Amino acid sequence: MDSINGKNQKRDKWGSKLGFILAAAGSAVGLGNLWKFPYSAGANGGGAFVMIYFLFLITIGFPLMLAAITLGRKTQLSAVGAYRSIKKKWAFVGGLGVICGFFILAMYSTVGGWVIYYVIKALTGGLSSKDPQVLGKIFGGFITSPGISVAYQGLFLLLTLLIVLKGISSGIERASKIMMPALFVIMVIIAIRALTLEGAYEGIKFLLVPDFSKINMSVIVNALGQVFFSLSIGMGVMVTYGSYFDRESNLLEAGTSIPMLDTIVAILAGLATLPAVFALGFEASAGPGLMFVTLPAVFSNMAFGNVFCILFFILVLFAALTSSISMLEVCVSYFVDEKNGDRIKSSIIIAIVIFMMGVPATLSMGPWSDLTILGNLNFFDFYDKLTSNILLTSGGLLLSIFVGWVWGADKAIEEIERNGIKFKLAPIWKFLIKFIVPPAVSIVLFNSFKEVITSIM
Ligand code: TRP
């Protein structure tokens, strides 16, 4: 795909069916799967979280993914335009996604910076300790030193910017064909090693066997937030990507294969991380540092561990970049399409603004850790909760109402069934998108707000 989407240009199409699936899967598969899913599961009661995640994935995630790409393909417009072309007043939903993009990318770039640092650390053999304490110190020392961590955050954004500017997404698309399967294979190998560590069984149990007593509102809110975050839904990314979809293509295939791929990678990451947490004596609820501390320890317990470590962090970086470009792209194309902005200038300015927004998030790991907003949240957690639990969720809610009721589920089904494709599950999808998704997401959203309000009080 060429990412340029000016008004007067003929819209580009995905080079191939695989091209779309790879780019959309590239957006979906990222730090959300590899880094966030394992630590969120660890911090939210393990199996209980995973079970609710699955429940939401099937009843909310799948239907919304299909709704988003169908809306995109029908209108052939990116988010704001897509909503507007069907109902003028709804353009604001696209705008909400753009705002959300700034916040998510600000926070994402903090972690993206960590990954770059770890690639370099791995290359220079700096992660080859078996001692959890030592690995913990390496991570802690890095994220708390303001100068270096901010520099790496900037570097991550710079890479994202360069890719979006150069419009080299076609190169990315090509690279994805190798990198994504490679990531998959290496995750399987790491998971096998982690699962065969002595004492790993406790971790498998923790991840897969739900302990119902651990379910509370916060677990539910975080599980839904994770579904949205992981699938890149609720911000307009999938609407935009769907708009590049060829009229002849099969939306059902794309709409099911992306969430499936995404979920497999998340589960693999969980199986690579959590058993090792138990086997090697880490803390499951350790939070954002989990992947960066546990996995190097797994590598140290592996033959050719160093090689795996290097490969792994390079692939994580690649996965993170294919996600971050999708976020930046949504913000940039808004200013180019809607405000007639110059593409290059807009991209640079947006990246700088996001960088500045991201600095407090990065610093909140160190010098600014005591600086809290909304009660007890530091900047990083604030961005995280604001996006996953409020903005994406609102975006998803509005998307379901829009496609189910405003545009109309039947019209969407008509679009899906173009070219004689038969959508056998259409009645179920229609029921979910109209009657299940809106109330279910509303309830969770209401509780997110309640959490926020009680934390301020
Ligand atoms: N889904 C990506 C991940 O799992 C992150 C991401 C990319 C995203 N684009 C998004 C999240 C849009 C929400 C909205 O890492």
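Throughout these legends, a residue counts as buried under 20% relative accessible area, as exposed over 50%, and as partly exposed in between, with a 1.4 Å probe and protein chains only. The model is predicted, so that local features need pLDDT of at least 70 and side-chain atom pairs count only at pLDDT 80 or more, whereas totals for chains, interfaces and linings use all residues. Residues are numbered from 1 along each chain as its sequence is written, and side-chain values use heavy atoms, with hydrogens and water left out.

**View 1. The salt bridge between K214 and D211.** The side chains of K214 and D211 form a salt bridge with an N to O distance of 3.7 Å, where the term stands for a side-chain nitrogen of Lys or Arg within 4 Å of a carboxyl oxygen of Asp or Glu. D211 counts as partly exposed because its relative accessibility is 31%, and K214, with a relative accessible area of 37%, is likewise partly exposed. Across the whole structure, a search finds 9 salt bridges.

View 2. D384 and K36 meet through their side chains in a salt bridge of 2.9 Å, N to O. Because D384 belongs to helix 16 (residues 379–416) and K36 to helix 2 (residues 31–43), the pair ties together parts that are 348 residues apart in sequence; helices here are DSSP runs of H or I with at least four residues, numbered from the N terminus. Both D384 and K36 are buried. K36 also lies over the face of F229, at 4.4 Å from the ring centre, a placement that requires NZ of Lys or CZ of Arg within 6 Å of the ring centre and within 35 degrees of the ring normal.

**View 3. The salt bridge between E415 and R73.** The side chains of E415 and R73 meet in a salt bridge at 2.9 Å, N to O. This pair links distant parts of the chain, with E415 in helix 16 and R73 in helix 3 (residues 47–75), 342 residues apart. E415 is buried, its relative accessible area being 3%, and R73 counts as buried at 0% relative accessibility.

**View 4. Two tilted aromatic pairs.** The structure holds 33 aromatic pairs, for which rings of Phe, Tyr and Trp (its six-membered ring) must have centres within 6.5 Å, with planes under 30 degrees apart counted as stacked, over 60 as edge-to-face and the rest as tilted. The ring centres of F299 and F312 are 5.6 Å apart and their planes stand at 50 degrees, so this pair is tilted. Since F299 lies in helix 13 (residues 290–300) and F312 in helix 14 (residues 305–337), the pair ties together parts that are 13 residues apart in sequence, and both F299 and F312 are buried. The rings of F431 and F435, with centres 5.8 Å apart and planes at 40 degrees, also make a tilted pair. F431 and F435 both lie in helix 17 (residues 426–456), 4 residues apart, about one turn of the helix. F431 counts as partly exposed at 45% relative accessibility, and F435 is partly exposed with a relative accessible area of 45%.

**View 5. The surroundings of S109.** S109 is placed in helix 5 (residues 91–123) and counts as buried at 0% relative accessibility. Leaving aside neighbours within four places in sequence, S109 is in contact (heavy atoms within 4.5 Å) with Q153, F156 and L157.

Definitions and conventions. Helices (H or I, at least four residues) and strands (E, at least two) are DSSP runs, numbered from the N terminus.
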